[in-house]
Amino acid sequence: MDICRSRCLAAASFRSLLNKPGKPFCRRCLLSEMDQEQYFASIYEYISLLPPEQKADEETYQRRLQLCKTCDELADGMCRKCGCFVEARAARVNSDCPGEEKKW
Ligand code: SF4
């Protein structure tokens with residue numbers, strides 16, 4: 001899967017989760033305008049609600065994150081290659097590292 005397609009699928013999944021009834025989410029807010037705690041909680045909720053068939057097993061997830069932690073592209077929890085939060089990206093079984101080295 002190419003980088004853009006993977007990123008768009010992840011973003012679409014994330015948006016659909018955030019837009020579920022009873023959980024309003026402003027699409028037009030900048031990060032600086034959001035409640036950071038709520039935003040990060042939403043990312044973890046996104047991960048926890050991934051369908052089992054789309055979710056990487058725990059060992060794979062942790063191995064990916066350990067590789068990200070050694071990578072120069074990791075900045076504040078985000079991958080500078082794709083702009084994803086690495087914890088969300090690593091949680092999807094069919095996801096991959098967008099870097100040239102393909103660390104995972
Ligand atoms: S380039 Fe790959 S290993 Fe590096 S932060 Fe991004 S996803 Fe993680």
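Tutor: Start with one term: two residues are in contact if their C-beta atoms, placed from the backbone, lie within 7 Å. Keep in mind also that this is a predicted model.

Student: OK. Which residues is Q54 in contact with, leaving aside its neighbours within four places in sequence?
Tutor: With that set aside, Q54 is in contact with R92 and V93. There is also a C-alpha distance to look at: Q54 and A91 are 37 residues apart along the chain, and 8.3 Å separates their C-alpha atoms.

Student: Where is the place of Q54?
Tutor: Q54 is in the loop between α2 (36-48) and α3 (58-69).

Student: And why is Q54 called partly exposed?
Tutor: Because 13 other C-beta atoms lie within 10 Å of Q54. Buried takes 20 or more, and exposed means 12 or fewer.

Student: Now C79. Buried or exposed?
Tutor: C79 is buried, because it has 21 other C-beta atoms within 10 Å. C79 is found in strand β2, residues 78-79.

Student: What does C79 touch, not counting residues up to four places away in sequence?
Tutor: C79 touches E73, L74, C84, V86, R89 and P98 on that count. As for C68, it is 11 residues from C79 in sequence, and the two C-alpha atoms are 8.2 Å apart.

Student: Which residues are in the largest nonpolar core?
Tutor: That core has 10 residues, and C79 and C68 are among them.

Student: Different topic. What surrounds the ligand?
Tutor: The residues around the ligand are L67, C68, C71, E73, L74, C79, K81, V86, C97, P98, G99 and K103.

Student: How does that shell split by class?
Tutor: The shell around the ligand has 8 nonpolar residues, 1 polar and 3 charged.

Student: Last bit, the whole protein. How many helices and strands?
Tutor: The protein has 4 helices and 2 strands. Along the sequence the pattern reads α-α-α-β-β-α.

Student: What share of the protein is buried?
Tutor: Of the 104 residues, 15% are buried.

Student: And what share of contacts is between residues 24 or more positions apart?
Tutor: Among contacts with a separation of 6 or more, such residues account for 61%.

Key: Residues are numbered from 1 along each chain as its sequence is written. This is a predicted model: local features need pLDDT of at least 70, side-chain atom pairs count only at pLDDT 80 or more; totals for chains, interfaces and linings use all residues. A residue is near a molecule or strand if its C-beta atom, placed from the backbone, lies within 6 Å of it. Ala, Val, Leu, Ile, Met, Phe, Trp, Tyr, Cys and Pro count as nonpolar, Asp, Glu, Lys and Arg as charged, and the others, Gly among them, as polar. A nonpolar core is a set of buried Ala, Val, Leu, Ile, Met, Phe, Trp, Tyr and Cys residues joined through C-beta atoms within 7 Å.
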